[in-house]
Amino acid sequence: GSPRCGMGMGASCARWDCAGLTDDRPPSHLWYDCAGQQLNKQGSSSPSRERVVDSAEVVAVQEFEVQLVCDRFAVSKPVRGASAKGLSEWRRRYVLGRELGAGQTATVFEAFAVAPVVEEVPNLSRGSFGCTPGLDGTGGKSYCQITAAMHRNSGGRRVALKRFYNSGTVMFQQELDALTAVGVHPHVLRLLESYQGGNDEDVLILEHCDGGDVYELYAANNGCCMLEAFVLQLIRQLLLAIEHLVERGVEHRDVKPENLLLYGSSVDSMAVPQLKLADFGWAVVVQPGKGVPPVPKEGVGSLWYAPPELNPPVPGVDLGVGGAVLGGRSDMWSVGIITYLLLVGHSPFNPALRITDPAARENEVIRLAALGQINTSTRPWACLSDEARSFICSLIQPDPTKRLSPAEAWAHPFLVRCHDGYAGGGMGNGELQRPTLEDDRRERWRCLDGFQRLCWLAFARAVAEPEMVDVPVIQLFVNQQSMGSTMYVDQLAVELALAAVPPWFHPQAVFADVLVLAFHYLDCDCDGIVGVNDLAQHVVGEDAQTAVDHWVSKWRHGCCEGLPSRATCGLEFAHFRRAMCASCENKADGLGSSDTQDAALHADGSTIRGKGDLILERRMEAIDEVCQRFLDHELEDFGYGY
């Protein structure tokens, strides 16, 4: 059925809480004391002998007792007006491609990143971190010049750009609020950037999924029934997304096949693609202590998938509820409708299609939904397993209090069959296994300093799951997410840091634009330099100021010589990329935590050069040599010279 809002497929999407939460939820964080023990809510660490370390737990050793937070990443950007050439803020970063979908309030385009908004980065002399003049051997050309040329050659990162027709609309703000509250999740489409304010257009930059949507998947099956083993793995992913929304106090209210985007599809028709829940235009956020807005008379969501409580009332039918229903129950009705559609091959209310008058047909669908009368007389329905029929009937209940919650549906026998066999993810990855040397993995993560971990946290926020399908370890990590999994981005940052290899940081690599965006997240004042004031926005703790000064001094000058009491310079993109690239070297070093501690500080602020500093210098010299050979060979195609 057509959505009441008129939105096309993929016309709006989701985002994460890094733009700033407005409620009291704690931000995503990595907090550890100097001994590497995770702090409890009161800030004290438990004795190590009393701790049970989970295999998925993030373990780190910070050089300072600080907390890395991501709720102030510069995801949402105010528009500062058009440039001298009349370009909007977002137009300096992206070029529009083909139209993906259009609605009453906005149009979604395919778009490509073209150039960062940061100012030109001054040339860097060759130093102990392996940079050649002009940003690692670019012959004096500016960062913007290099990046623009790179995008002309590579086409840039592909994204979905949702452009609203008017600035400052209620619909934009409503969607932005919902997406902010939702946060990041592997099965919820994430927002990469947003531009709003002034007389400019309001724009959302979203991750791009190239696998179509579930409705296209259904249509391509020509009305035939899909295998239960295939469908339940799609529904499994959808339940994870809805449960996450419930935890964030959000009701989507328009869950339908067109809003379930896919990626990672294989040429094997039996392979199950990955799913992303999109389009939060109808979503509502329930703030603590506040009620939800009333349902409009014309209803909310899409006709064939909306639950009775979101439809216009039917005379003589009492649903037994006094107001809007939360806790995911409204969305769970839609899950039941979608499950029926995929398994049976048509809508459970298809008898209404016999009515030719559109208005009368719509009223009949609303009536059937209010009565919970689904078509159970077809042969495909009779061929379903008892578990599948029970699952569907437990969700398509007119009384929302009788529907299964996401957690209850997760434990239903229909889904239980999937859990044990889904470890491989449904994309042909059953042969993949997570490395068993957890001690080694934790040790490698401990080799990174606080700034490097913050960089990887920003990178994890900036990258999208469809861009990581060719990284088997990351793909397996995403597939292994389950009900109750927490701190997804924090754990993703660790997985990315441990899986990274130097080619990721090449200017023509697939992650080139991801690095640029991650740098922008840390650059809160958008001046092209991550200074101490920018870093202070992402660090909390008694040692926060000392830590950021230390990081700036270390990564700008190459070592910890002469740490000032207050560093006045900041880190440019070259320093940011170098810090991330240097983390790849830590995999082969085999250094223990005692060897990777930063130089100790005297009371007067001077530094003590120890074994860790000497090892760091030797490691950086090795990186210097390897990067130079790499650049000499790879950057010839740019024609920049040295």
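Predicted model: local features only at pLDDT ≥ 70, side-chain atom pairs only at ≥ 80, totals over all residues.

User: Why is D279 called buried?

Analyst: Buried means under 20% relative accessible area. D279 has 2%, so it counts as buried. You'll find D279 in the loop between β11 and β12 (284-285). Its phi is positive, about 65°, although D279 is not a glycine.

User: And what makes C526 partly exposed?

Analyst: The label covers values between the buried cut-off of under 20% and the exposed cut-off of over 50%. C526 has 26% relative accessibility, so it counts as partly exposed. C526 is in the loop between α16 (512-522) and α17 (532-536), and phi is positive there too, near 55°.

User: How do you know that β5 and β6 are paired?

Analyst: Pairing takes at least two bridges between the strands. Seven bridges join β5 (residues 106-113) to β6, and the two run antiparallel, so they pass. E110 stands opposite A160 in β6.

User: What about β6 and β8?

Analyst: Those two have five bridges, again antiparallel, and at least two are needed, so they count as paired. A160 turns up here as well: its bridge partner in β8 is L206.

User: What makes α14 mostly covered?

Analyst: Six of the eight residues in α14 (472-479) are buried, among them I474, L476 and F477. The buried residues pack against α5 (228-247), β10 (260-263), β11 (274-277) and α15 (488-499).

Methods. Residues numbered from 1 in each chain as written. Heavy atoms only, no water. Buried < 20%, exposed > 50% of the residue type's maximum accessible area, 1.4 Å probe, protein only. Helix = DSSP H or I, 4+ residues; strand = E, 2+ residues; numbered from the N terminus. Contact = heavy atoms within 4.5 Å.
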